[in-house]
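Visitor: Please show me the model that we are to discuss, and then take me through a few of its residues and elements.

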Amino acid sequence: MSDKKRIFSGIQPSGNLHIGNYLGAISNWIKLQDEFDSIFCVVDSHAITVPQDPETLRKKTLEIAKIYLAAGIDPKKSSIFIQSHVPEHAELMWILNTLVKMSELEKMTQFKDKAQNGNSESVAVGLFDYPVLMAADILLYGTEIVPVGEDQKQHVELARDLAKRFNHKFGETFIIPKAFIKEEGMRVMGLDDPTKKMSKSAASEYNYISLTDDVETVKRKIKKAVTDSGSEIIYADEKPALKNLINIYASFSGKSPKEIRTLYVGKGYGDFKTDLAQVINSFLTPFQEKLNAISDEDVREILRAGAEKVKPIAKAKLEEVKKKVGFIL
Ligand code: AMP
Ligand code: TRP
């Protein structure tokens, strides 16, 4: 391809993508695609680690790809593809499965959360193994940088460890990837509970603002968002709910938390929330116009071409791995 450094990232086509996914992940990718050789994946194989309705999964897979495009990922600069279109991911995962330890996977916070804190009886093995598939995604492409949200750092660490372990055992094969985590606004918290991150699998829709929420829904959700005691707009750790709302305001408006604080001296939560909804909507409205203009046919064609582009890279790396472990090719 080129001599630019490679980045790889992905999002699962499950649930509704929200502004946390945009601010914590996708917006970051847009800026990186000029500087790096970028691959962005829709990770459908990861999505089925928890039960999915097949028809919804198909719909969501195309929707995520459309969201990538509407947000500004340019298929001329970056490759966009569907994980299951490149079976090499699953094959490499199998080989990495023979290097990873049960104890390493048991430590994964996301697994512990999803398995409701150790209640692994009813959990699919795929969910347990999820980080190994993610390591395969990353390592197949000689990825140097993995732009993700904070919560994925532990998974990238595992990919690093597995790459080192393989290299140590079989000789230099994998590039050791690094997580790239955006500093400001990196973790968007739930609107109904600022102690937990905004999540597409949250029980209440008042937890998140979906990228497809309309103007009125955004207003309603912001109005209902929890705030801390008091009435002043203050940016402080002791006021986690306000801090989160100010961070969202800052990210979409380009203003600093300090500037926002100054704007609302002498004003209350009401004024602040009205403006915050407007700031969010002035991003979402044009974004949704672009999203709705992309047809299923167009996005399918982009995904097909994306898979064609990345397949040779995955194939070559997997062959190298198979040779090293002693498979006959
Ligand atoms: P997920 O929704 O868990 O599939 O995450 C997709 C991407 O969005 C990952 O890079 C996450 O780290 C990022 N992300 C998810 N939720 C948030 C959040 N509340 N704040 C910031 N980034 C997030
Ligand atoms: N596990 C990631 C998430 O939930 C998604 C993902 C799968 C990913 N494979 C990846 C992210 C490879 C970066 C690189 O957010």
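**Buried residues, a helix and a pocket**

Guide: Lys221 counts as buried, at a relative accessibility of 1%, where buried means under 20% relative accessible area, exposed over 50% and partly exposed in between, with a 1.4 Å probe and protein chains only. This is a predicted model, in which local features need pLDDT of at least 70 and side-chain atom pairs count only at pLDDT 80 or more, while totals for chains, interfaces and linings use all residues. Residues are numbered from 1 along each chain as its sequence is written, chains are lettered from A and ligands numbered from 1 in the order in which they are written, and side-chain values use heavy atoms, with hydrogens and water left out.

Visitor: Which residues is Lys221 in contact with, leaving aside its neighbours within four places in sequence?

Guide: The place of Lys221 is in helix H9, helices (H or I, at least four residues) and strands (E, at least two) being DSSP runs numbered from the N terminus. Contact means heavy atoms within 4.5 Å. With those sequence neighbours set aside, the contacts of Lys221 are Leu191, Glu205, Tyr206, Tyr208, Ile209, Ser210 and Asp213.

Visitor: Is Asn207 buried or exposed, and how far from a polar atom of its side chain does the backbone nitrogen of Ser199 lie?

Guide: Asn207 lies in the loop between strand E5 (178-180) and helix H9 (215-224), and with a relative accessible area of 6% Asn207 is buried. Beyond four places in sequence, Asn207 touches residues including Gly190, Lys197 and Ser199. From the backbone nitrogen of Ser199 to a polar atom of the Asn207 side chain, the distance is 3.0 Å.

Visitor: At what distance does the side chain of His46 reach the backbone oxygen of Tyr130?

Guide: His46, in helix H2 (residues 44-47), is buried at a relative accessible area of 2%. Its side chain makes a polar contact with the side chain of Gln83 at 3.2 Å, a polar contact being a pair of N or O atoms within 3.5 Å, of which, within protein, one must be able to donate a hydrogen and the other to accept it, and residues adjacent in sequence count only if both atoms are side-chain atoms. The backbone oxygen of Tyr130 is reached by the side chain of His46 at 3.1 Å.

Visitor: What arc do the buried residues of H8 cover around the axis?

Guide: The buried residues of H8 are His155, Val156, Leu158, Ala159, Leu162, Ala163, Phe166 and Asn167. They lie on the same side of H8, because the arc that they cover around the axis, taken from the directions from the helix axis to the C-beta atoms, is only 165°.

Visitor: Which residues are exposed on the other side of H8?

Guide: Helix H8 spans residues 153-170, and Gly171, which follows H8, has a positive phi, near 95°. On the other side of H8, the exposed residues are His168 and Lys169.

Visitor: Which residues lie nearest the centre of the largest pocket?

Guide: A pocket is found on a 1 Å grid over the protein atoms alone, as an open set of points where a 1.4 Å probe fits, with protein on both sides within 12 Å along at least five of seven lines, and lining residues have an atom within 4 Å of a point. Helix H1 (19-32) and helix H7 (125-139) are among the elements that each supply at least two residues of the lining. Of the 50 lining residues, those nearest the centre are Gln110, Asp151, Gln152, Lys197 and Ser199.

Technical notes: Expected span 1.5 Å × (residues − 1).
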